[in-house]
Amino acid sequence: MFADLGHFTAASIRLAFVGVIYPCLVLQYMGQAAFLSKNMSDVHDSFYLSIPRTVFWPMFVLASLAAIVGSQSIISATFSIVKQCLSLGCFPRVKVVHTSRWIYGQIYIPEINWILMVLCLAVTVGFRDINIIGNAYGMRASL
């Protein structure tokens, strides 16, 4: 979980992790383990196969939205870290655009955005196959 202490307090981060994130992760892994104990042949795609068919599409949408939030947090974290490095003098000067006049901390750094795009394309072109990317993440993709 990405959290910048400039945006959230330490207590709110602890409360969110202990009260929401950790219990959800434990329940998800326990459910997946229970499913795999009965269906060992479905290990290749145990997350989606363990979901009851009636809630498959809502879970698919939720997982897609979680991926979007995760990618946005990587972008936000990169911008935040670069801005902090700039203020400490540890990073070459780049243009920082403040996107909101009223909310402090909403920034956009065009050069970093381009670098992230190029790195994303390099990873995609470098792996060339979704199964190899899945193996890099430690799971087998089956499309």
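The cover over the buried residues of helix α1 includes α2 (46-49); helices are DSSP runs of H or I of at least four residues, numbered from the N terminus. The model is predicted, so that local features need pLDDT of at least 70 and side-chain atom pairs count only at pLDDT 80 or more, whereas totals for chains, interfaces and linings use all residues. Residues are numbered from 1 along each chain as its sequence is written, and side-chain values use heavy atoms, with hydrogens and water left out.

Helix α1 comprises 29 residues (residues 10-38), which should span 42 Å at 1.5 Å a residue; the end C-alpha atoms are 41 Å apart, in agreement. The expected span is 1.5 Å times one less than the number of residues. A kink of about 40 degrees is centred on F17 in α1, the bend being the angle between axes fitted to the seven residues ending at a residue and the seven starting there. I13, Q32, F35 and L36 of α1 are buried (under 20% relative accessible area, with exposed over 50% and partly exposed in between; 1.4 Å probe, protein chains only).

K83 lies in helix α3 (residues 56-88) and counts as partly exposed because its relative accessibility is 25%. Beyond neighbours within four places in sequence, K83 is in contact with H98, Y104 and I107 (heavy atoms within 4.5 Å). The C-alpha atoms of K83 and I107 are 8.6 Å apart, at a sequence separation of 24 residues.

I107 also belongs to the largest nonpolar core, whose five residues are F79, V82, I107, I109 and I112. Such a core is a set of buried Ala, Val, Leu, Ile, Met, Phe, Trp, Tyr and Cys residues joined through side-chain atoms within 4.5 Å. Residues up to four places away in sequence aside, I112 touches T78, F79, V82 and F91.

Note on methods: Helices (H or I, at least four residues) and strands (E, at least two) are DSSP runs, numbered from the N terminus.
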